[in-house]
Amino acid sequence: MNTQLNFKRGIRTTLFTLMVILFMIVILLPIYYIFLTAFAPSGKLFTVPLTYVPRSLAIERFQDIFGALPIARYMLNSTLLATFSTILALTVSLLAAYAIARLNFPGANLVMVGLLASSMLPGTATVIPLFQMYQTLNLMDTLHGLLILYGSALLPITTWVLVSFLRQVPVEIEDAAKVDGASFFPLLWRIVLPVIRPGIATMFLINFIIGWNEFFTPLIFARGAGVKVITMALSEAQVIGARSEFDVSWGNMSAVAILTTIPVFIITLIFQRQIVEGITSGVFK
Amino acid sequence: MFGQQNLSTRRILLAWLLVTPVVLWRLLTSVYPFLRTFYISFFDNSPVRRTFDFVGLDNYMALTRDANVDATLTFTLFFTVTSVALQVVLGLAIAELLNQRFKMRNFTRAVNLLPWAMAPIVIATAARWIFHQDYGLINDIIWRLSGERPLWLVNFTTARFAVTITDVWKNTAFLAVIFLSGLQGIPLELYEAAKIDGADGVRSYWYVTLPLLMPLIISMIIFTAIFRVLTFEIVYALTNGGPGTATSLLSYLVYLEGFRVLNFGYASAIAMLLFFIVLVVGVVGYGFLRRAWERL
């Protein structure tokens with residue numbers, strides 16, 4: 001009787017372990033395959049059947065792409081845009097979130113719903129007038145022009161999440177500070193900010209990832225080499241040294257893919273908990 | 001009394017001052033351009049031909065005759081239904097998996113997030129290599145198992161599935177995280193009560209877990225469906241909408257008409273069709289959501 005029960009449990013544990021392994025393979029194998037492609041020596045890229053355990057790795061793809069494209073400049077632009085759009089969006093969202101969560105003013109709900117509704121407006125349904133505006137205002141191919149659009153995309157969710165974080169924090173501390181006569185900005189800086197630091201940190205990580213991964217906005221608004229970002233190098237790397245339209249350099253593409261992905265992987269693996277908290281607090285609270 | 005009123009006026013003023021930057025920023029970069037798109041959709045507007053002529057409903061009439069729009073709507077429907085269904089089912093399964101207690105659970109949860117963190121354009125471009133007929137990862141596995149090498153991106157049906165599979169791979173993690181959080185919110189006493197009533201594994205999932213998760217599942221279906229309709233990168237980099245127009249989506253069509261053909265008026269009309277579909281999905285979905293809440 002007891003052995004039969006143990007046997008049944010053993011089967012269930014084995015099945016469960018197999019499912020976890022299958023899940024890991026489905027996620028990690030394609031990523032590993034791109035890694036292999038990026039580091040394959042020239043002659044070893046096209047093999048049938050595939051070699052999953054390479055005998056040697058090479059960095060010539062990376063030398064090629066850094067030689068042919070301003071990759072460092074692209075990565076710097078991506079970093080600048082992701083960082084500053086995040087900081088700007090967090091600053092103005094925090095102000096708005098504080099007003100919505102604490103000041104109890106007529107129209108607070110309207111602002112919340114309006115933000116949510118505006119985030120449902122498809123980017124493709126706003127891009128043509130923005131393109132015309134940017135041409136008239138000379139904002140095309142400028143980092144500050146891109147910053148305005150990057151930041152804009154972050155505002156609705158950031159405000160929503162910060163409101164939800166603020167609502168979880170007791171109001172008493174702020175009231176006490178107010179009685180002491182603290183005026184608004186010191187109050188925000190010294191009392192409110194420290195309490196919702198986890199919320200700010202979470203949204204910083206998520207917004208940075210979103211900004212770093214942006215592609216559609218720079219595709220339309222960043223056409224000069226000086227303002228291009230790393231996600232745009234994928235297609236450019238494919239045609240380095242190409243002899244025809246069908247001559248695609250998968251190795252170079254994979255090398256750019258690796259460069260684009262490493263920063264977000266590091267952030268995700270280190271701050272897994274914070275990111276999950278950010279994702280879920282946007283949905284639940 | 002007077003002082004009190006004064007204080008509240010000041011508070012309201014301060015509040016509006018604080019929300020102004022966010023509101024203004026969104027008005028200028030989202031709401032105004034959207035209204036302007038609606039306006040342009042009634043014009044023949046092309047920067048190449050230098051036209052801006054009022055044409056009434058001509059652009060919308062052209063939509064109804066455009067075979068590309070037809071094909072795009074067909075694929076939008078296929079892609080949205082298939083991808084959302086797969087993502088919800090797999091998302092629930094992965095959430096259940098990640099909710100169990102096992103060694104390396106934290107690591108597995110982190111791995112689950114990796115596709116979420118990757119840029120859509122990276123995944124879409126890499127997928128083209130992974131679906132490569134001769135040297136791609138997927139065909140290598142299929143070939144080892146069956147000796148066949150399907151032409152993924154050349155045939156209509158397989159190209160559609162390639163786009164869908166890529167999308168599911170990237171986005172299921174997000175749903176799994178949400179559903180996992182939902183699972184963690186269900187009180188354990190409910191499962192104990194179900195156990196006393198004789199419901200084990202599958203039945204307690206069916207009678208306890210699913211009904212309690214239902215509002216969450218429905219709101220995630222709406223959310224996911226809307227973002228399927230808006231998908232751009234996967235189609236842009238993986239298939240270029242092809243073969244022919246088999247995997248064309250509306251965002252991609254707006255991009256083509258607007259920034260390749262440079263036909264702003266017509267592209268704006270397509271963008272309005274896209275908005276209308278998103279609106280319908282949202283409103284119909286909201287109706288379902290309200291009924292699910294009432295039933296709970």
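Leu115(A) is buried, with 24 other C-beta atoms within 10 Å; a residue counts as buried if 20 or more other C-beta atoms, placed from the backbone, lie within 10 Å of its own, as exposed if 12 or fewer do, and as partly exposed in between. The structure is a predicted model, in which local features need pLDDT of at least 70 and side-chain atom pairs count only at pLDDT 80 or more, whereas totals for chains, interfaces and linings use all residues. Residues are numbered from 1 along each chain as its sequence is written, and chains are lettered from A and ligands numbered from 1 in the order in which they are written.

Leu115(A) belongs to helix H4 (residues 108-119) of chain A; helices (H or I, at least four residues) and strands (E, at least two) are DSSP runs numbered from the N terminus. Apart from neighbours within four places in sequence, the contacts of Leu115(A) are Leu155(A), Pro156(A), Thr159(A), Trp160(A) and, from chain B, Arg26(B). Two residues are in contact if their C-beta atoms, placed from the backbone, lie within 7 Å. Between the C-alpha atoms of Leu115(A) and Phe66(A), which are 49 residues apart along the chain, the separation is 41 Å.

Chain A contains 13 helices and zero strands, and its elements accordingly read α-α-α-α-α-α-α-α-α-α-α-α-α from the N terminus. The C-alpha trace of chain A spans about 80 × 75 × 35 Å along its principal axes. Of the 285 residues of chain A, 42% are buried. Among the contacts in chain A with a separation of 6 or more, 75% involve residues 24 or more positions apart.

Two domains are assigned in chain A, domain 1 (2-58) and domain 2 (69-284), with bounds from an automatic or database domain assignment. Their C-alpha centres lie 34 Å apart. Six residues from domain 1 of chain A and six residues from domain 2 of chain A make the contact. On the side of domain 1 of chain A that touches domain 2 of chain A, five residues are nonpolar, one is polar and none is charged. In this classification Ala, Val, Leu, Ile, Met, Phe, Trp, Tyr, Cys and Pro are nonpolar, Asp, Glu, Lys and Arg are charged, and the others, Gly among them, are polar.

Chain B has twelve helices and two strands, in the order α-β-β-α-α-α-α-α-α-α-α-α-α-α along the sequence. Chain B is more spread out than a compact globule, because its radius of gyration of 24 Å is well over the 19 Å that the globule rule gives for 296 residues. Along the principal axes, the C-alpha atoms of chain B fill a box of roughly 85 × 75 × 35 Å. Buried residues make up 42% of the 296 residues of chain B. Of the contacts in chain B with a separation of 6 or more, 68% are between residues 24 or more positions apart. Chain B is divided into domain 1 (2-28) and domain 2 (66-295), and the C-alpha centres of these domains lie 40 Å apart.

Within chain B, helix H9 (residues 201-229) and helix H12 (residues 264-295) pack at an angle of about 175°, with their axes 9 Å apart. Axes are lines fitted to C-alpha atoms, for helices over the stretch in contact, and angles run from 0 to 180 degrees between N-to-C directions. H9(B) and H12(B) are therefore roughly antiparallel, a term for angles over 145 degrees, as against roughly parallel under 35, roughly perpendicular from 65 to 115 and oblique for the rest. H9(B) contributes residues including Met214(B), Ile218(B), Ile222(B) and Val229(B), and H12(B) contributes residues including Leu274(B), Gly282(B), Gly285(B) and Trp293(B). This contact has 16 nonpolar, three polar and no charged residues.

Val229(B) and Leu274(B) are also touched by Leu250(B), as are Thr72(B), Thr76(B), Ile270(B) and Leu273(B), not counting residues up to four places away in sequence. Leu250(B) lies in helix H11 of chain B and is buried, with 27 other C-beta atoms within 10 Å.

The contact between the chains takes 69 residues from chain B and 70 residues from chain A. On the side of chain B, the largest share, 20 residues, comes from H1(B). The residues of chain B on this side comprise 49 nonpolar, twelve polar and eight charged.

Terms used
The radius of gyration is taken over C-alpha atoms; the globule rule is 2.2 Å times the number of residues to the power 0.38.
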